[in-house]
Amino acid sequence: MRSEPRKSRRAGDERGQALPLFAISAVAILALMGLGLDGARIFLERRDAQGAADLAALTAARLLPDDPDGARDQAVAVAAANGFTIDRLLNVTTPYDGDPARIHVDIPTEVPMLFTAVIGITQTGVNAEAAALHQEAVVGAEGEGEGYAILALNGDCTNDKIIDVTSAFYSTG
């Protein structure tokens, strides 16, 4: 009985390489997907905190400069109604920058990570800040209008910080 000689593989034969390449690619794709989902969670938490800080500062500014304690309480109440309570390190400062008509709301929060916890990153911090200024509304030249607005721009635009993209808002009313 004569056995047939076995066929030897040539040096350039790449058969059987698809499975290891697929396994490595699948792990990389899943890792990037997890990183993207955790990044989206950070973005959404930051967005929610920024909305709460903006609203808290704007509503509290209406009580300034006459009632700074009431303004602080109002800011805390609005932030709490939006899910950011004092136990989450909510900081409300008035007077702010030495101006009793200004208020500053700072909401730092921790975001728990789901997928990056595998590599040891269990949470990350995000911070949202908003500042508001109470100014008396400018009534029209002939006394028309109520004189109140949620956001009003100075007519001659001489203020150096009328609208600032770093979340500084001027509230009138």
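Arg-72 is partly exposed, with a relative accessible area of 27%, where partly exposed lies between buried (under 20%) and exposed (over 50%), using a 1.4 Å probe and protein chains only. This is a predicted model, in which local features need pLDDT of at least 70 and side-chain atom pairs count only at pLDDT 80 or more, while totals for chains, interfaces and linings use all residues. Residues are numbered from 1 along each chain as its sequence is written, and side-chain values use heavy atoms, without hydrogens and water.

**Salt bridges**
- The model has two salt bridges, each defined as a side-chain nitrogen of Lys or Arg within 4 Å of a carboxyl oxygen of Asp or Glu.
- Arg-72 pairs with Asp-69 at 2.8 Å, N to O.
- Both residues sit in helix H2 (residues 68-81), three residues apart, or about one turn of the helix; helices are DSSP runs of H or I with at least four residues, strands are E runs of at least two, and both are numbered from the N terminus.
- Asp-69 is exposed, at 52% relative accessibility.
- Arg-102 pairs with Asp-99 at 3.4 Å, N to O.
- Arg-102 is partly exposed at 22%, as is Asp-99 at 24%.

**Asp-54**
- Asp-54 belongs to helix H1 (residues 18-61).
- Asp-54 counts as buried because its relative accessible area is 17%.

**Glu-136**
- Glu-136 lies in the loop between strand S3 (123-135) and strand S4 (168-172).
- With 63% relative accessibility, Glu-136 is exposed.
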